Amino acid sequence: MNNQDNKKRVTPKLRFPEFQTTLGWSNKPLSKLANRITSKNKSGEITRVFTNSANDGVVDQSDYFDREIANKDNLNGYYIIELGDYVYNPRISTAAPVGPISKNKIAKGVMSPLYTVFRFHQADNDFYEHYFKTNCWHKYLQHVSNSGARHDRMNITNDDFMAMPVPILSPEEQQKIADCLSSIDELIELQEQKLAALKQHKKGLMQQLFPSHNDLQASKQASKQASKQASKQASNSLSET
């Protein structure tokens with residue numbers, strides 16, 4: 001390898017010990033690692049119409065569509081998306097200046113052609129799922145974007161998007177990074193479940209430890225009734241005397 005090629009490589013600040021003496025990462029256009037999916041729905045029943053969440057992940061939004069309308073010609077131009085495909089949402093906002101890139105983990109469905117759908121050549125691509133959760137690739141899209149015409153959407157051609165440089169590293173290092181980050185995600189999810197259960201437990205305790213509005217109203221009403229009864233008994237006693 002010549003010095004020019006070596007200069008183009010990047011070494012992460014943090015690296016697993018077994019890879020510290022290996023070459024740094026290079027990069028290639030996304031189009032060299034994945035194909036853009038343009039297969040369109042033509043016929044057959046549509047079971048899912050997807051949208052891309054601004055937070056993370058491809059979300060099933062089929063409940064938002066009328067089934068009869070969804071099965072008509074107006075969705076025949078929608079892209080077919082398979083399990084494991086990636087989706088880019090070009091919509092931008094103040095909170096998310098660049099739309100997310102998410103992996104479909106739900107099922108086969110269709111998506112609006114406003115989205116960019118692509119599929120990696122290699123089946124083991126979890127590394128890139130984590131990579132797209134970073135903002136490492138944002139500057140490239142902002143650089144090639146010409147958003148003057150519309151302020152709510154990144155004006156990026158599909159060719160420009162597929163030309164986006166992505167890191168290239170050995171399959172072994174990819175898997176090591178993906179396994180590490182996935183295990184942390186699992187731990188976070190487990191802790192979130194525990195936190196949700198603890199909050200629910202606290203809510204149940206508070207409902208039992210404190211009287212409800214209805215209980216207070218019933219107690220207030222009972223107190224009034226008792227007061228009236230006591231006054232009536234006192235009045236009767238005075239009359240008898």
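A: What follows describes the core and then its ring pairs.

The model is predicted. Its largest nonpolar core has 23 residues, and Phe118, Phe132 and Phe161 have the most contacts inside that core. Strand S6 (86–88), strand S9 (116–120), helix H3 (126–131), helix H5 (158–162) and strand S10 (165–168) each give two or more residues to it. The most comes from H3, which gives three residues. Apart from this core lies another, of nine residues, including Val87, Met111, Tyr115 and Val117.

Leaving aside residues up to four places away in sequence, Phe118 touches a list of residues that includes Leu30, Ile37, Tyr86, Ile101, Phe132 and Phe161.

The structure holds 13 aromatic pairs. One of them joins Tyr86 and Phe118: the ring centres are 5.5 Å apart and the planes stand at 15°, so the pair is stacked. Tyr86 belongs to strand S6 and Phe118 to strand S9, so this pair ties together parts that are 32 residues apart in sequence. Tyr86 and Phe118 are both buried.

Tyr86 also pairs with Phe120, with ring centres 5.1 Å apart and planes at 80°, so that pair is edge-to-face. Phe120 lies in strand S9 and Tyr86 in strand S6, so the pair ties together parts 34 residues apart in sequence. Phe120 has 8% relative accessibility and therefore counts as buried; Tyr86, at 1%, counts as buried too.

Ring pairs link these residues into a cluster, whose members include Trp25, Tyr86, Phe118, Phe120, Phe132, Trp137 and Phe161.

Key
Residues are numbered from 1 along each chain as its sequence is written. This is a predicted model: local features need pLDDT of at least 70, side-chain atom pairs count only at pLDDT 80 or more; totals for chains, interfaces and linings use all residues. Side-chain values use heavy atoms; hydrogens and water are left out. A nonpolar core is a set of buried Ala, Val, Leu, Ile, Met, Phe, Trp, Tyr and Cys residues joined through side-chain atoms within 4.5 Å. Buried means under 20% relative accessible area, exposed over 50%, partly exposed in between (1.4 Å probe, protein chains only). Helices (H or I, at least four residues) and strands (E, at least two) are DSSP runs, numbered from the N terminus. Contact means heavy atoms within 4.5 Å. Rings of Phe, Tyr and Trp (its six-membered ring) pair if their centres lie within 6.5 Å; planes under 30 degrees apart count as stacked, over 60 as edge-to-face and the rest as tilted.
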